Amino acid sequence: METAMNFQEQALFKESIQQGIPSVLPQAKPYPADANRAPKRKDILNSDEKQLALRNALRYFPKEWHQELAAEFAQELKDFGRIYMYRFKPSYHMKARSIADYPAKCQQAAAIMLMVENNLDPAVAQHPQELITYGGNGAVFQNWAQYLLSMKYLSEMESDQTLHLYSGHPMGLFPSSTEAPRVVVTNGMMIPNYSKPDDWEKFNALGVTQYGQMTAGSFMYIGPQGIVHGTTITVMNAFRKVLNKGESSKGKIFLTAGLGGMSGAQPKAGNIANCITVCAEVNANAATKRHQQGWVDELIDNMDELVARVKEAQAAEEVVSIAYIGNIVDVWERFFENEVFIHLGSDQTSLHNPWSGGYYPVDISYEESNRLIREEPEVFKVKVQETLRRHADAVNKHTARGTYFFDYGNAFLLEASRAGGDVMAENGIDFKYPSYVQDILGPMCFDYGFGPFRWVCASGKSEDLDKTDAIAASVLEKIMQESPEEIQQQMQDNITWIKDAKQNNLVVGSQARILYADAQGRMEIAKAFNDAINSGEIGPVVLGRDHHDVSGTDSPYRETSNIYDGSRFTADMAIHNVIGDSFRGATWVSIHNGGGVGWGEVTNGGFGMLLDGTADAERKLKSMLLFDVNNGIARRSWARNSEANFAIKREMARTPKLKVTLANLVDDDILNNLSL
Ligand SMILES: NC(=O)c1ccc[n+]([C@@H]2O[C@H](COP(=O)([O-])OP(=O)(O)OC[C@H]3O[C@@H](n4cnc5c(N)ncnc54)[C@H](O)[C@@H]3O)[C@@H](O)[C@H]2O)c1
């Protein structure tokens, strides 16, 4: 009975994909009661522009539907600030199926459909009805018509055609070649002078651009696993900066704040990094949710109790994560009074959004703060700025005692400085404290080529994922035996991660895995997967990576914040990366404006590559992965980063056809003696 149902559902699914925009106007549907709706967007268009937005939306549909749809879409624009075309959302279950279940003429197209559906799976996506995967605005498509048309094109595509997606809009299938990518994605690419936040609001409302974040609009999001691994690497390496060689992180405190979307990974990462994590969270619901999910061990809402519990954990050298329900500033201040030594301090409140709930002021209840945001926004702003000054003072007192503090890319230092907090360095230009990329991820990972490599088992089988975990672990163990001292620690961390990956139980949606690896690791793991596919041991595998990586992203205050030759405000690296990957064998490529740090603040790109066990796949993976990582190492080395210089010389020694321009270092004395 169940098989018959599945068969029927499967047939319906295929038919629906092949149809694209349905031939009969579907019934309007009520909005699902349990869905997490995207926030209402800014009402930014004037009435002429609203007409243009409707004209733009209606061009997807036959004329005879325009009367009915015009009124409905006008209502959507009024109610939500955008036209999502809810009526056209397909009724089949959105999820990553097995690659064999997609109606496709080529496997590469089927792999892309699988990844698109994974990004829209309600178990994975933040606002699935609005086609938003994460970050509040990270869109896969702007509307359901674009989804339907794109999936239809993918189902018709042959292996010598390429689909060009303009911010979600499928411009069409163009003849290309089997060597070309099957899909080229651009998201939010703007003429530079039109890349302010309100330009996104306007042109997105018109239906001509979208915010792809990093892995939302490139179909490469794999749920919270990616954040946990990245945060773990950061916390572990931060401890290494402050502890003596061989000293354990057990019984040492990592104090931070935020148990939201990304910040919720901190206690889990702290546990993996073997420390005591204290994470303050003002929203009791957010803290309780993370506790119920098992992402944080204990909940405490009383400060005396917190201090006593932390002292006990320090004495017993426990590995434990504690959520304190309350304001982070209270914790910094009280730990100072009670002489609780903090080894590592950071903050992941949402200070990129300080005035509407990203950061809550101290000494005011959560409910009262929310009232102020709505009713007295100017008072709220003053309270936030007072709190930021107190926050900075408390951090400074601890760092004077020896605490290592880093900014977690959430604009804490920027907003604290704007509020007049004491966070500037003596030169009045830099901050007193480094960002996590400047001090940790940049020099310790990206400059050596280590970054968030990932893969998805396209069979959908968890056994395949287990086998790939084992293959990846054995490849890395082999490489580590011959790795130089400089990267031994990173290799060991990644081997530990992959060996424990299954028991960390982080798979949501597709059968996916993240694993930080360098160029050699990525290439050898991919080759071993391809061999295993060829021998029938596992099914096809999709390779990819987060854009938050060595080469794919130019972002002056995050990924490229440890570039000090002035070029961090350029975006050449990200553009070269996407073009270079596209002709070296990527199955799809993407380049985006925007990402975690905001529209106009970052250019980021990525790729997807299907491994199908063929010799062609082997040739492509070697060529593309070598470039995908070493492009960024070369740029980092040219910027005089010593770790990258070491890594690129090593790569040139092993790859005779690689010839990279190396920087000569001038002696400071020569420059200091000039009168400039
Ligand atoms: N994890 C990462 O890898 C990473 C990387 C770069 C940047 N970030 C940045 O980290 C920030 C957090 O991201 P998110 O997705 O978790 O956001 P989020 O808004 O979901 O979570 C932030 C949490 O902080 C809490 N909070 C606010 N003010 C507080 C205060 N004074 N004391 C205690 N708790 C407070 C909020 O209630 C909220 O739950 C963002 O700015 C993001 O850009 C994260």
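Me: Is Asp363 buried or exposed?

Reply: This is a predicted model, in which local features need pLDDT of at least 70, side-chain atom pairs count only at pLDDT 80 or more, and totals for chains, interfaces and linings use all residues. Residues are numbered from 1 along each chain as its sequence is written, and side-chain values use heavy atoms, with hydrogens and water left out. Relative accessible area (1.4 Å probe, protein chains only) sets the classes: buried is under 20%, exposed is over 50%, and partly exposed is in between. Because its relative accessible area is 64%, Asp363 is exposed.

Me: What is the phi of Asp363?

Reply: Asp363 sits in the loop between strand 10 (344-345) and helix 12 (366-375); helices (H or I, at least four residues) and strands (E, at least two) are DSSP runs, numbered from the N terminus. Asp363 is not a glycine, yet its phi is positive, at about 70°.

Me: Is Leu131, with its positive phi, buried or exposed?

Reply: Leu131 is a residue other than glycine with phi near 60°, and its place is in the loop between helix 4 (107-120) and strand 1 (132-134). Its relative accessibility is 0%, so Leu131 counts as buried.

Me: How far apart in space are Arg41 and Arg82, C-alpha to C-alpha?

Reply: Arg41 belongs to the loop between helix 1 (2-19) and helix 2 (47-58). Arg41 counts as buried because its relative accessibility is 11%. In sequence Arg41 and Arg82 are 41 residues apart, while in space their C-alpha atoms are separated by 6.9 Å.

Me: How far apart in space are Tyr211 and Gly598, C-alpha to C-alpha?

Reply: Tyr211 lies in the loop between helix 6 (197-205) and helix 7. With 5% relative accessibility, Tyr211 is therefore buried. Tyr211 and Gly598 are 387 residues apart in sequence, and C-alpha to C-alpha the distance is 9.3 Å.

Me: Which residues come nearest the ligand?

Reply: A residue is near a molecule or strand if one of its heavy atoms lies within 4 Å of it. The shell around the ligand has 9 nonpolar, 14 polar and 2 charged residues, where Ala, Val, Leu, Ile, Met, Phe, Trp, Tyr, Cys and Pro count as nonpolar, Asp, Glu, Lys and Arg as charged, and the others, Gly among them, as polar. Of the 25 residues around the ligand, the nearest are Gly261, Ser263, Glu281, Ser350 and His352.

Me: How much of the accessible area of the ligand does the protein cover?

Reply: A polar contact is a pair of N or O atoms within 3.5 Å; within protein, one must be able to donate a hydrogen and the other to accept it, and residues adjacent in sequence count only if both atoms are side-chain atoms. Oxygen atoms of the ligand lie 2.6 Å from a polar side-chain atom of Glu281 and 2.7 Å from one of Ser350, and a nitrogen atom of the ligand is 3.4 Å from an N or O atom in the side chain of Asn327. Areas come from the Shrake-Rupley method with a 1.4 Å probe, and for residues only the protein chains shown count as cover. Of the 870 Å² that the ligand has on its own, the protein covers 88%.

Me: Which helix gives the most to the lining of the second largest pocket?

Reply: On a 1 Å grid over the protein atoms alone, a cavity is a set of points where a 1.4 Å probe fits but cannot get out, a pocket is an open set with protein on both sides within 12 Å along at least five of seven lines, and lining residues have an atom within 4 Å of a point. Grid points are joined across faces, edges and corners, and a volume is the space filled by probe spheres set on the points. The second largest pocket, of about 510 Å³, has 19 lining residues, with Met236, Arg240, Gly246, Glu247 and Gln489 nearest its centre. Helix 7 (225-242) and helix 17 (485-504) each supply at least two lining residues, and the most, 6 residues, come from helix 17.

Me: Which helix gives the largest share of the lining of the largest cavity?

Reply: The count is 3 cavities of 30 Å³ or more, and the largest cavity has a volume of about 80 Å³. Helix 18 (519-534), helix 20 (615-638) and helix 21 (642-654) give two or more residues each to its lining. By class, this lining has 6 nonpolar, 2 polar and 4 charged residues. The largest share, 5 residues, is that of helix 21.

Me: What is the volume of the second largest cavity?

Reply: Its lining includes Met236, Trp497 and Asp500. Helix 17 gives the most to that lining, with 5 residues. The volume of the second largest cavity is about 50 Å³.
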